[in-house]
Amino acid sequence: MSEQHEIDETPDDEQADEFASWDAFWDEATRKEAEALGQARTVVIRGVRVRVPQDIPMSFEFKAKKVKNSDSDKDFAALLASLFGTDVLTKWVAAGMGGREFRTVLHWGLSHGKGQPLTFQEAYDFVMTREQDEEAEGEDEGKA
């Protein structure tokens with residue numbers, strides 16, 4: 001005769017508290033798997049899974065110079081593709097990403113690519129400080 005095993009359908013409190021959501025758990029599980037296989041780490045930003053830049057591709061540098069003098073969305077999308085992957089800009093725009101959010105993600109990605117990883121919060125703080133500094137400079141110029 002075989003033994004019957006009870007199935008506990010409720011997660012224990014310690015396991016339930018470890019992650020804020022299923023998505024957070026799954027992201028961590030797949031991150032660990034990829035790391036064990038030597039694959040690039042990924043994160044989900046605005047519903048799009050992107051690789052965490054580990055280096056700044058040379059193509060990024062060349063494209064950045066081109067985009068600096070261009071107002072083409074295609075040029076800018078190609079620049080981002082070399083950092084995060086194809087069609088990222090289109091997907092982020094469709095998901096409602098705003099300018100400040102975009103600057104935060106871009107600063108975060110570039111920092112990782114330069115070997116100076118930081119958290120999303122640190123990237124956000126940097127962007128906010130920069131915006132405040134620019135506003136203060138604009139006010140000073142207006143007074144002169």
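How many aromatic pairs does the count come to? Rings of Phe, Tyr and Trp (its six-membered ring) are taken to pair if their centres lie within 6.5 Å, with planes under 30 degrees apart counted as stacked, over 60 as edge-to-face and the rest as tilted. By this rule there are 6 aromatic pairs.

Two of the pairs are set out below.

| Pair | Centre to centre | Angle between planes | Class |
|---|---|---|---|
| Phe76 and Phe102 | 5.6 Å | 55° | tilted |
| Phe84 and Trp92 | 5.4 Å | 65° | edge-to-face |

Phe76 lies in helix α4 (residues 73-84) and Phe102 in helix α6 (residues 99-113), so their pair ties together parts that are 26 residues apart in sequence. Helices (H or I, at least four residues) and strands (E, at least two) are DSSP runs, numbered from the N terminus. Phe76 counts as partly exposed at 26% relative accessibility, whereas Phe102 is buried at 15%. Here buried means under 20% relative accessible area, exposed over 50%, and partly exposed in between (1.4 Å probe, protein chains only). Phe84 and Trp92 are both buried. Ring pairs also link Trp22, Phe25 and Trp26 into a cluster.

The protein chain has 7 helices and 2 strands, in the order α-α-β-β-α-α-α-α-α from the N terminus. Of its 144 residues, 24% are buried.

The model is predicted: local features need pLDDT of at least 70, side-chain atom pairs count only at pLDDT 80 or more, and totals for chains, interfaces and linings use all residues. Residues are numbered from 1 along each chain as its sequence is written, and side-chain values use heavy atoms, with hydrogens and water left out.
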